[in-house]
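Please look at the structure shown below before reading on. The paragraphs that follow lead you through some of its charged pairs and some of its strands.

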Amino acid sequence: MNPTTASSLSEPLAWPEGGVARVPFRVFSDAEIYALEQERIFRGPIWNFLCMEADVARPGDVRTTWVGETPVVVTRDQDGKLHAMVNRCAHKGALVCLKQKENRESLTCVYHAWNYSLDGKLQSVAFRNGLKGKGGMPEDFDPSKHRLQPLRVATFCGLVFGTFSEETEPLEDYLGAPMAKFIARNLGRPLKVLGVHSQMIHNNWKLYAENVRDSYHATLLHTFYTTFKVNRLDMDGGIILSDKKWHHISYTKRATLQAEKEYETVHAGQYQSQLAGPELLRAWDEFDDGITHSIQTVFPTLVVHFTLNSLAVRYFVPRGVDKTELYWVFLGYERDDAAQQRMRVMQGNLTGAAGLVSLEDGCINEFVQRGTHGSPDEEAFIEMGGKVAESNESSRATEASVRGFWHGYRNIMGFN
Ligand code: FES
Ligand SMILES: [Fe+2]
């Protein structure tokens, strides 16, 4: 079967004039474009986040996940080697692994009991020789030609990535040096998973990809941020885009809010926002770079956030053109003491499905989905901070990283 091409869409997509500062609403609701994304992006020359290395720490560990809509299973074999394969039986295509996590000696499909080794090779076929000399597989049946389809796999700082394409560059080149360095800042110590959950959001996956790159909305939509001075646009901070512009880092330095200090001196005692549990925000300095809040993305669907002392990996999985499952993996470090771990768990309440800060993101993207899906020929206007996608280390009043996402998206999709 020939892969769909951009030009073979039944109605070709002409990107609006205005380039990356415009986004045609059609890309959020068009089933053909969604199908093309599966081919061009998720099965294309990119690295997809699969799971945490902690999920598959021991020999025999098995973790199911997704690459776009394709079910995938990650395993660690008895020699300690990691493998990633399509979680789809070579017989009739049933899911082979059904649990999110388990420990197994081999993988057996429940339908007709075909059995695979942890590296995906077909080991045995039930009734291969039939019964009493009757039935069974033909003479020319060759088990070595029927295995679970493998992905290339690579790890970085406790994150496991996979790719379907032989053309994908090495993982660290894909990330680029500034992105790799910042991931190493946050995740480059032995990690401990503190908890996980997921939520279904009723919007196209790209609206969430935009949302986490959108530093403009953070202090407007999320009033908890500004009310309790966790993140404001007048704090020092900036945006760094990767070379290809499709990954980004947004960072804030809460401690350097000089204007806030001056305001509090002048207006001392007149007004104070107070939490009943102020200890929620009593963070300790984790690093010596002054950064107290950061969000980093890796194209297409990985996010790492560090808000005060709350560290988490998020990833999102398309579940249809207008539905996305968003996963949260809350993390601490192995070296944390009990008080630090307690603080990380408590500050986990800032984010997540019901988070004090990120609750609103669960619905705002749906508002865009509902507002746009009936008007495919209209377009979004994203010129805050300029019309191009460039790093800006002096202001976060910009949509530069959103434009960066569309720059990468258009290139890989062939939408010029
Ligand atoms: S579908 Fe898996 S053994 Fe038949
Ligand atoms: Fe948000």
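With a relative accessibility of 3%, Arg344 counts as buried, where buried means under 20% relative accessible area, exposed means over 50% and partly exposed lies in between, with a 1.4 Å probe and protein chains only. This is a predicted model, in which local features need pLDDT of at least 70 and side-chain atom pairs count only at pLDDT 80 or more, while totals for chains, interfaces and linings use all residues. Residues are numbered from 1 along each chain as its sequence is written, chains are lettered from A and ligands numbered from 1 in the order in which they are written, and side-chain values use heavy atoms, with hydrogens and water left out.

Side chains of opposite charge can pair when their charged atoms come close. Arg344 has such a partner in Asp336, with which it forms a salt bridge whose closest N and O atoms are 2.6 Å apart; the term stands for a side-chain nitrogen of Lys or Arg within 4 Å of a carboxyl oxygen of Asp or Glu. Asp336 also counts as buried, at 13% relative accessibility.

How many salt bridges does a search of the whole structure find? The search finds 18, and one of them joins Arg22 to Glu379, with the closest N and O atoms 3.6 Å apart. This pair links distant parts of the chain, since Arg22 lies in strand 1 (residues 22–24) and Glu379 in strand 19 (residues 379–381), 357 residues apart. Strands (E, at least two residues) and helices (H or I, at least four) are DSSP runs, numbered from the N terminus. Arg22 is buried, with a relative accessible area of 15%, whereas Glu379 is partly exposed at 35%.

Another salt bridge is formed by Asp142 and Lys145, whose closest N and O atoms are 3.5 Å apart. Here Asp142 is partly exposed, with a relative accessible area of 25%, and Lys145 is exposed, with 65%.

Turn now to strand 14 (residues 248–253), which is mostly covered, as 5 of its 6 residues are buried. Strand 13 (residues 236–241) runs antiparallel to strand 14 and is joined to it by 6 bridges; two strands pair if DSSP finds at least two bridges between them. Across this pairing, Gly237 stands opposite Thr252 in strand 14. The hairpin of strand 13 and strand 14 has 6 residues between the strands, and in it Lys245 takes a positive phi near 80 degrees.

Strand 14 also pairs with strand 15 (residues 293–298), in the antiparallel sense and over 5 bridges. In strand 15, Ser294 is the bridge partner of Tyr251.
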